[in-house]
Amino acid sequence: MTHIMVPVKLVPDLVEELEIADSGTALDMTWLRLIINEFDDHAIEQAILLKERSGGEVTVIAPDQEGMDDVLFTAAAKGADRIIKLIGDFEEGTNNHALARAFADAAKDAGPDLILTGVQGNDDLDGSVGPYLAEYLGMTYVGYVAGLSLEGDKAIVQKEYPGGLIAEMEVSLPAVLGIQAAEEPPRYVAVSKVRQMMKEASIDEVDAGDLDTSGGLEVSSMYLPEAAERAEMLEGDEEEIAAKLVEIFKEIGVM
Amino acid sequence: MPERVNYWGIPHDWGAPELYVYTIMFGAALIMLYRFYLRASLWWKVGRPEARWDKLHIRIWKLIQYAIVQTKVLNQRYPGVMHVAIAWAYFIFFLGTALTTIHERFFKFLFGNVLFAYKFVLDVFTIIFLVGVGMAIYRRYSQKPKRLTLDPGFTFSLVMITVIVLGGLLTESFRLAVEQPAWAWSSPAGWIVAQLWIATGASDAVLTNWHLVAWIFHLLTVAGTIIALPVGTLLHVLTGPLNAFFAKLDRPTGELAPIPLTPDGDQIYASKLSDLSWKQLLDGDACTECGRCQDACPAHAAGTPLNPKELILSVRDALRADAAAVMGGNGDAPDLVGEKIAEEVLWSCTTCGACVEACPVLVEHVDTIVDMRRHLVIEGAVDAELQTALSNLGRYGNSFGKSDRMRARWAKGVDPKVKDAGREQVEYLWFVGDYASYSPTLTGITLKTADVFQKADLDFGILYKGENHSGNDVRRVGEEGLFEMLVEKNLKALSRSKFETIVTTDPHSYNTLKHEYPANGNGEWKVMHYSELLDQMIASGQIKFSKKLGYKVTYHDPCYLGRYNGVYDAPRRVIEATGCEIVEMPRNREDGFCCGAGGGRIWMEEGEIEERPSESRINEAVALDGVDAFVVACPKDVTMYADAVKTTGQEEKIIVKDLIELVHEAM
């Protein structure tokens with residue numbers, strides 16, 4: 001039976017206005033509202049679709065962040081068999097290196113055949129979770145996946161490229177796939193179903209230990225984009241525009 | 001003195017004629033009752049239980065009002081007169097027959113003037129009946145309105161009831177032709193027909209024989225019709241009154257029942273026949289197929305797949321086809337939702353209640369539709385737009401997907417600052433609602449409302465970010481869990497606030513706050529629509545007008561204010577107080593036509609439609625003579641009709657105005 005693990009995280013909800021913390025290097029968490037990373041939501045949906053189609057077991061795993069319980073119970077209401085919360089110092093935010101290491105440790109214990117996670121998140125400052133996770137687990141990684149099917153110990157995945165190109169490739173399991181979009185939009189779960197899950201299902205808590213953030217980057221300053229009129233539109237055909245670009249690059253000393 | 005002779009002209013050497021009559025009639029009645037039992041027992045054998053036995057005196061009154069007097073049938077002139085001419089005539093014939101039995105067996109009273117009056121009334125109703133039948137024939141075979149089911153079953157019923165009455169008339173006429181009594185004038189219809197037989201010059205013996213033939217024919221057709229009644233279209237004679245008797249009494253029209261539970265406490269989502277209550281199944285058998293709901297339905301008029309009549313008949317047909325399979329418990333009965341009733345049919349409903357209002361036998365279409373929608377929601381079968389709206393409502397408390405902190409953004413510049421009812425005591429708590437709070441096109445109207453309140457020195461406040469969507473349409477979409485969550489959130493904010501009365505501009509919020517929110521610990525609040533509050537403030541002199549506007553306007557009744565809550569006059573009085581003249585649209589008050597936004601339709605994909613209900617409504621308004629403004633009393637209506645005025649290209653002819661705009665302008 002295929003065991004699919006879906007690591008998910010919460011990211012800042014862009015419905016709220018973002019504010020910079022006094023430190024000047026991070027978002028102000030007091031005004032921040034968190035929402036499930038949209039790509040992770042697609043990863044959950046894809047995992048449930050696979051389970052419905054070819055059987056298997058789905059585990060959704062997530063760091064302990066404010067509001068995560070609701071997300072996990074919603075995943076259970078959709079059909080996840082196991083929901084795991086990593087306990088650790090996640091509240092103030094961490095980097096994706098640390099998060100991927102924590103997910104990797106949990107994955108080593110659980111031994112999934114397939115890991116589906118969102119291909120990216122709006123707070124990915126140090127790269128996305130998927131490739132790190134694959135690296136720490138020594139698995140194959142394919143990103144920008146928009147659909148897959150399972151055939152024995154292989155997955156046939158559709159990977160999206162810019163310009164509407166889609167490649168179909170065969171991946172040996174176990175593997176980590178970065179989901180761009182599930183084959184169908186994430187389903188709606190009625191509130192009463194989620195509430196029922198809150199009564200029936202339980203969240204397994206796994207201690208993530210001390211977080212290892214090494215390899216990540218250090219933010220020296222964070223600021224909101226300033227409104228300015230600095231854009232210059234280049235006109236002409238491709239050759240002319242390219243020539244003008246080269247000229248400008250030389251002018252500002254990057255070439 | 002003349003006395004009624006029982007069994008005139010029936011040869012007594014056959015034995016007692018009453019023996020034949022009673023045997024045949026009791027036999028027919030028994031067969032009828034047995035066949036009816038077979039049919040009716042499916043309601044409770046297949047359907048789930050539902051308590052509808054309380055308040056018997058009101059139920060009996062409903063029976064009299066809707067099944068005997070037939071007030072709803074009479075709401076439409078031609079079909080109303082047609083139907084009561086037939087039905088009342090039969091009531092009288094039935095009563096007349098019962099009286100002869102009393103006269104014959106218990107108490108002789110049909111002498112002299114009483115007898116003349118008795119005969120006269122029966123004969124007059126024979127004529128009334130024939131007029132009704134004439135109207136029915138014209139309607140069914142010449143007019144053929146679209147809404148009617150033109151099925152041979154109806155023709156059979158019409159023929160049978162006519163044959164019975166003609167048989168009675170013939171019998172009487174032969175007797176009169178033989179007797180030719182001095183009081184023959186008291187049976188005018190029979191006497192006229194008798195002239196025919198007298199003119200033939202036939203002997204008394206021949207006419208008496210013909211009388212016997214007519215009498216036997218009459219007897220047998222009555223018996224035959226009674227036997228056929230439970231399996232034909234005359235079934236409504238029994239089920240219609242039952243449906244009126246078992247009508248919903250425990251809650252106002254604006255209150256939906258919670259999700260029913262099994263004895264074990266599990267929730268029942270209506271997807272199969274057996275998930276419906278016996279009363280919902282009775283609705284199907286009570287349907288007379290008159291099609292009034294179909295005519296009234298905005299979704300049907302718009303060309304969506306929903307036809308309320310077909311929907312109810314789908315339930316009926318499914319019961320007939322699948323009851324055995326359901327009761328056999330072998331599980332191969334097809335699902336109702338999806339197989340017999342398409343999802344799009346259920347999603348097309350605006351829950352405007354026009355069908356329920358129109359139904360002469362009190363079928364409760366909307367409740368059944370919402371029950372089935374609840375099943376679709378729990379299965380996650382919602383369209384993408386609705387899913388977005390519901391997710392937003394769950395997460396942010398509004399369908400716009402905006403931050404709850406932005407809810408009172410519109411009030412930012414209001415001076416003096418609008419009070420926060422969560423912090424200081426107010427007399428009126430203004431429940432602003434989603435559209436008035438978040439829709440950028442409505443901000444002007446919301447500000448004018450605040451301005452009018454302030455100028456009138458109203459002590460009011462709002463909940464700021466404590467307010468959530470009221471949940472009225474969330475509930476009607478079928479998302480009961482989300483509705484409960486929104487109610488909990490709002491109750492929390494309301495219980496923290498001190499106020500006496502809730503006022504809202506939104507009829508949808510008004511409906512659910514008034515009927516579906518449990519009163520909190522501070523006691524019950526009063527809920528007012530702003531039209532009612534304005535009306536009250538104008539009457540008390542708290543609002544004074546400085547000018548008369550002099551516009552000629554028409555007024556659109558919002559479904560949840562009018563049909564659901566009976567508030568028709570307050571907004572009209574307010575409009576008139578501003579010095580405007582109201583010209584009514586043909587569809588007004590109880591017959592008001594929905595804008596198409598209700599029941600969560602405003603959040604759903606539109607689907608394929610021919611004419612939007614809002615466009616039909618605007619076309620109705622511009623057809624009126626010289627009307628400048630289309631006045632509404634619902635924020636969603638402003639949005640819906642402003643769009644419709646544009647899409648119908650009527651910008652030159654009419655403008656949409658909120659009630660508050662008139663008040664503001666006249667102050």
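Let's start with the domains of chain B. The centres of domain 2 of chain B and domain 3 of chain B, taken over C-alpha atoms, are separated by 34 Å. Their contact takes 6 residues from domain 2 and 5 residues from domain 3. On the domain 2 side, that splits into 3 nonpolar, 1 polar and 2 charged residues. Keep in mind that this is a predicted model.

Domain 1 covers 59-244, and domain 2 covers 263-378. Domain 3 is 399-539, and domain 4 is 546-666.

Next, a helix pair in chain B. Helix α3 of chain B is residues 77-105, and helix α4 of chain B is residues 112-143. Their axes come within 8 Å and cross at roughly 145 degrees. The crossing of α3(B) and α4(B) is left-handed. Who makes the contact? From α3(B), the residues include Y78(B), V81(B), M82(B), A85(B) and G96(B). From α4(B), they include Y118(B), F125(B), F129(B), G132(B) and R139(B). By class, the α3(B)–α4(B) contact has 19 nonpolar, 2 polar and 1 charged residues.

Over to chain A, and strand β1, residues 3-7. Is β1(A) mostly covered or mostly open? Mostly covered: 4 of its 5 residues are buried. How many bridges join β1(A) to β4(A), residues 57-63? There are 5, and the two strands run parallel. β1(A) is also joined to β6(A), residues 114-118, by 2 bridges, again parallel.

Look at M5(A) in particular. Its bridge partner in β4(A) is T59(A). In β6(A), the bridge partner of M5(A) is I115(A).

Conventions. Residues numbered from 1 in each chain as written. Chains lettered and ligands numbered in written order. Predicted model: local features only at pLDDT ≥ 70, side-chain atom pairs only at ≥ 80, totals over all residues. Axes fitted to C-alpha atoms, helices over the stretch in contact; angles between N-to-C directions. Left-handed = near helix turned anticlockwise from the far one by under 90°. Contact = placed C-beta atoms within 7 Å. Nonpolar A, V, L, I, M, F, W, Y, C, P; charged D, E, K, R; others polar. Buried ≥ 20, exposed ≤ 12 C-beta atoms within 10 Å, placed from the backbone. Pairing = 2+ DSSP bridges. Domains from an automatic or database assignment.
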